[in-house]
Amino acid sequence: MSTIKTVCVYCGSGPGTNPRFTEGAKAFGKALAENNIRLVYGGGSLGLMGSVATSVLDHGGSVTGIIPEFLRKRENALTRVQEMIVTPDMHERKRLMFERSDAFVALPGGVGTLEELVEQLTWKQLGRHAKPVLLANIDNFWEPLFSLLSHMRQTEFIRAGLSVDILKADRIEDILPKLKSAVAQIAEADKQLAPDVARKL
């Protein structure tokens with residue numbers, strides 16, 4: 001497959017302190033809808049999660065929310081979405097988010113966003129999938145992580161043959177072009193999570 005039909009977005013369940021975070025989430029939601037790309041996300045209606053999903057819907061796009069039962073009330077599951085999947089736990093949520101997505105984008109967020117992002121990077125680093133992973137570096141939010149990754153390379157905890165393949169976009173309008181360019185180079189077989197990994201999630 002050389003096209004993107006679905007994008008998984010990881011982001012905060014809060015808005016953060018910078019209004020540009022919410023502006024960016026809304027702009028990316030609009031871009032997804034206008035390009036007929038379905039959003040796959042964590043299912044909540046609060047914070048950046050709610051902003052990106054609501055923007056997709058407001059501009060005529062499609063959304064799949066995937067949320068564990070215990071978070072339905074805490075994150076106010078967004079009832080407007082075309083598809084809402086309720087999982088028994090976080091592991092099932094992350095597995096389904098992976099399976100239903102052609103690419104991954106991390107908007108600003110907290111430790112939950114970071115955990116989901118790093119898991120995808122780890123699987124990719126170990127050759128378990130080849131789907132593109134991109135950081136939306138709104139107002140340089142992710143610069144500390146890029147610095148940490150650089151430090152890991154310098155201290156050889158990220159060694160030759162174990163590179164961390166991550167895309168970066170400083171502008172919202174650059175996200176989809178970068179993802180499309182990356183996914184065009186990926187063979188379909190390489191995009192699938194290894195069956196033994198999927199079973200163990």
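For the core I take buried Ala, Val, Leu, Ile, Met, Phe, Trp, Tyr and Cys residues joined through side-chain atoms within 4.5 Å; buried means under 20% relative accessible area, with a 1.4 Å probe and protein chains only. This is a predicted model, where local features need pLDDT of at least 70, side-chain atom pairs count only at pLDDT 80 or more, and totals for chains, interfaces and linings use all residues. Residues are numbered from 1 along each chain as its sequence is written, and side-chain values use heavy atoms, leaving out hydrogens and water.

Core. I looked up the largest nonpolar core and got 35 residues, with Val7, Phe28, Leu39, Val105, Ile175 and Leu179 having the most contacts inside it. Elements giving it two or more residues include β1 (6-10), α1 (19-34) and α6 (175-183); helices are DSSP runs of H or I, at least four residues, and strands runs of E, at least two, numbered from the N terminus. A second, separate core has 22 residues, Tyr10 and Phe104 among them.

Ser101. I find this residue in the loop between α3 and β5. Why do I log Ser101 as buried? Because its relative accessibility is 1%. Leaving out residues up to four places away in sequence, Ser101 touches Thr6, Val7, Cys8, Val40 and Lys131 (contact: heavy atoms within 4.5 Å).

Helix pair. I checked α1 against α2: their axes come within 7 Å and cross at roughly 30 degrees (lines fitted to C-alpha atoms over the stretch in contact, angles running from 0 to 180 degrees between N-to-C directions). So I note α1 as roughly parallel to α2, the term for angles under 35 degrees. Residues meeting there include Phe28 in α1 and Val52 in α2.

How values were computed: Buried means under 20% relative accessible area, exposed over 50%, partly exposed in between (1.4 Å probe, protein chains only). Angles under 35 degrees count as roughly parallel, over 145 as roughly antiparallel, 65 to 115 as roughly perpendicular and the rest as oblique.
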